[in-house]
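Here is a short briefing on a two-chain model. Please keep the sequence and the coordinates at hand while reading.

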2 protein chains.
Amino acid sequence: MMRELKWSPAEKKAAKGAFDLAYERELRAVRLEVEAMLQRGKDDQVVWEVENYLRKKRREMDEKYDYRYSVLMMVFLRLLHEGWLAEEDLAGLSADKLEWIKRSGRIFGGN
Amino acid sequence: MMRELKWSPAEKKAAKGAFDLAYERELRAVRLEVEAMLQRGKDDQVVWEVENYLRKKRREMDEKYDYRYSVLMMVFLRLLHEGWLAEEDLAGLSADKLEWIKRSGRIFGGN
């Protein structure tokens, strides 16, 4: 199914909106985690923990937020699974895509 | 002169103390800069600026804080020049080392 997906202009817009929303949510969570690490860390060495954390998150997010249409449905599935998107955030997608997401989410044991 | 330097046990202790003090001061400054970046940064993308900054500082400090006795006087000169040490922090060193530092500091146009 994945190869033959068609994306209407309206769907592309909805997809981009959901994608950006997830990215913003995750980035906000990264910022809050950094701020919490600094608040917890009495020892100034905590900055190197922050560096490690950010390096890993950057690598993870660079890899995860891949907007090519050929992989976008897998990206959405992962974002749902990780909690950065809820199904309603994807309401602008076509019925077949939403159906695939629901089915696949059940298979992955998440959404 | 540099190769023939002798370090008495008391000097080694004083040197280690100054070295650690400079490191702690610089690390504290790094932490304060990170906290200031986060406070200034309205946009959550600021976390990637923090990551860049910390990556560069880690690399710089790993290279700079080299405790081998063969390079330690050059390290102290740099730390004085950058302001992480003051001459009085090195008061426990021998007179010839302090003299070399004073002379070299003048050559470098700093201390």
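Lys64(B) is buried, with a relative accessible area of 3%; buried means under 20% relative accessible area, exposed over 50%, partly exposed in between (1.4 Å probe, protein chains only). The model is predicted: local features need pLDDT of at least 70, side-chain atom pairs count only at pLDDT 80 or more, and totals for chains, interfaces and linings use all residues. Residues are numbered from 1 along each chain as its sequence is written, chains are lettered from A and ligands numbered from 1 in the order written, and side-chain values use heavy atoms, without hydrogens and water.

**Surroundings of Lys64(B)**

- Lys64(B) lies in helix H2 of chain B. Helices (H or I, at least four residues) are DSSP runs, numbered from the N terminus.
- Its side chain makes a polar contact with the side chain of Glu26(B), at 3.0 Å. A polar contact is a pair of N or O atoms within 3.5 Å; within protein, one must be able to donate a hydrogen and the other to accept it, and residues adjacent in sequence count only if both atoms are side-chain atoms.
- Leaving aside neighbours within four places in sequence, Lys64(B) is in contact (heavy atoms within 4.5 Å) with Glu26(B), Val75(B), Arg78(B), Leu79(B), Glu82(B) and Trp84(B).

**Interface extent**

- Chain B brings 25 residues to the contact, and chain A brings 24 residues.
- About 2,200 Å² is buried between chain B and chain A, with 58% of that from carbon and sulfur atoms. Buried area is the accessible area (1.4 Å probe) that two parts lose on being put together, summed over both.
- Arg31(B), Trp48(B) and Arg58(B) supply 33% of the area that chain B buries against chain A, more than any other three residues.

**Polar pairs and elements**

- Six salt bridges are counted between chain B and chain A. A salt bridge is a side-chain nitrogen of Lys or Arg within 4 Å of a carboxyl oxygen of Asp or Glu.
- Glu51(B) and Arg58(A) form a salt bridge through their side chains (2.4 Å, N to O).
- Helix H1 (9-40) and helix H2 (46-64) of chain B are the elements giving two or more residues to the side that touches chain A. H2(B) gives the most, with 11 residues.

**Symmetry**

- A rotation of 180° with 0.0 Å of shift along its axis superposes chain B on chain A (RMSD 0.0 Å). The two copies are thus related as by a two-fold rotation axis. The superposition is by least squares on C-alpha atoms of residues with pLDDT of at least 70 in both.
- In chain B, the C-alpha nearest the axis belongs to Glu51(B), 2.9 Å from it.
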